[in-house]
Amino acid sequence: MEENNIIVELRDIKKKYFYPQGELEVLKGINLKVQKGDKIAVVGPSGVGKTTLLNIIGTLDYPTSGEIYFFGKKLDYNNEEILLKLRREHIGFIFQLHYLIPEFTVIENIILPGLISQWKKENCLKRAYELLEKLSLSGKENHKPFRLSGGERQKVAIARALFLNPTLLLADEPTGNLDQESAKEVVEIFLKINEEFGVTIIMVTHNWELAKKMDKIFLLKKGFLVKLENT
Ligand SMILES: Nc1ncnc2c1ncn2[C@@H]1O[C@H](COP(=O)(O)OP(=O)(O)OP(=O)(O)O)[C@@H](O)[C@H]1O
Ligand SMILES: [Mg+2]
């Protein structure tokens, strides 16, 4: 493995949640090296800690112990500026529940990351139309999310996650609520953006068929990641 191609590395990541009645150690020592261009699936039963792990990789949550390195540099959770820059410039997130803003149209949802990054409106729109076309959403730009199918909503969430050209796309169960056909389409889109733009993908899924389309599959089991042979 070429060390300088590593985007993110987790070293002995542990995560405990604390409750009044006790504590739960969800992650017990996760080690993972993610290389540029990797397509990774994380599988495992409900409640095992997949979302927790993805949130930690995406810097939306922090581990109880262990270290994360981005591009070889240890992440400093006290440096809010670096965290923001990292999230903005390198990480795209597709959440388990898609979190589109219901009052916003498709196009308004998609350009949100651009507006937050203070892009000019015309550049935002240019990028949004590119993505609409790539994701076969053309013609839907002025629809509100309630007028879209589940698959289309998921594609809008993908477009939004891709808006700023992330290095790393984190997708939490992106096909969870979709029928087999739409689920396949979403994964085809992932394969395409991986191929075309070299976007590195980590996808959490329950769907074994879809997991097999990634090039590495990890099972999260009893707090540890186990690499499965991709058959
Ligand atoms: N913020 C939190 N505070 C306390 N406990 C939490 C929190 N988030 C998750 N948990 C607990 O940690 C465990 C792992 O949750 P997580 O959401 O990571 O699982 P998951 O593998 O993503 O499950 P699913 O497949 O159902 O989405 C669960 O027992 C959950 O109740
Ligand atoms: Mg989850």
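**Note on helix packing, nonpolar cores and loop residues**

1. Helices α3 and α4 pack with their axes 9 Å apart and at an angle of about 125°, which makes α3 oblique to α4. Here axes are lines fitted to C-alpha atoms, for helices over the stretch in contact, and angles run from 0 to 180 degrees between N-to-C directions. Angles under 35 degrees count as roughly parallel, over 145 as roughly antiparallel, 65 to 115 as roughly perpendicular, and the rest as oblique. Helices (H or I, at least four residues) and strands (E, at least two) are DSSP runs numbered from the N terminus.

2. This is a predicted model, in which local features need pLDDT of at least 70, side-chain atom pairs count only at pLDDT 80 or more, and totals for chains, interfaces and linings use all residues. Residues are numbered from 1 along each chain as its sequence is written, chains are lettered from A and ligands numbered from 1 in the order in which they are written, and side-chain values use heavy atoms, with hydrogens and water left out.

3. From α3, Val-106, Ile-107, Ile-110, Ile-111, Gly-114 and Leu-115 meet Lys-121, Cys-124, Leu-125, Ala-128, Tyr-129, Leu-131 and Leu-132 of α4, contact meaning heavy atoms within 4.5 Å. This contact has 11 nonpolar, 1 polar and 1 charged residues. Ala, Val, Leu, Ile, Met, Phe, Trp, Tyr, Cys and Pro count as nonpolar, Asp, Glu, Lys and Arg as charged, and the others, Gly among them, as polar.

4. Helix α3 (residues 106–116) also packs against helix α5 (residues 150–162), at an angle of about 30° and with the axes 7 Å apart. That angle makes α3 roughly parallel to α5. The crossing is again described as right-handed. Val-106, Asn-109, Ile-110 and Pro-113 of α3 meet Val-156, Ala-159 and Arg-160 of α5, a contact of 5 nonpolar, 1 polar and 1 charged residues.

5. The largest nonpolar core has 38 residues, of which Ile-94, Ile-110, Ile-158, Leu-169, Phe-190 and Met-203 touch the most other members. Such a core is a set of buried Ala, Val, Leu, Ile, Met, Phe, Trp, Tyr and Cys residues joined through side-chain atoms within 4.5 Å. Buried means under 20% relative accessible area, exposed over 50%, and partly exposed in between (1.4 Å probe, protein chains only). Elements giving two or more residues to this core include α3, α4 (121–134), α5 and β7 (168–172). Apart from it lies another core, of 30 residues, among them Ile-40, Leu-83, Ile-202 and Leu-225.

6. Which residues of helix α1 are buried? They are Lys-50, Thr-52, Leu-53, Leu-54, Asn-55, Ile-56 and Ile-57, that is, 7 of the 8 residues in α1 (residues 50–57).

7. Most residues other than glycine have a negative phi. Gln-118, in the loop between α3 and α4, has a positive phi near 60° and is exposed at 73% relative accessible area. Asn-165, in the loop between α5 and β7, has a positive phi of about 60° and is partly exposed, at 46% relative accessibility.

8. Leu-178 lies in the loop between β7 and α6 and is buried, with a relative accessible area of 15%. Leu-178 and Gly-150 are 28 residues apart in sequence, yet their C-alpha atoms are 6.4 Å apart. Beyond its neighbours within four places in sequence, Leu-178 is in contact with Gly-150, Gly-151, Gln-154, Ala-183 and Val-186.

Methods:
A crossing is left-handed if the near helix is turned anticlockwise from the far one by less than a right angle, and right-handed if clockwise.
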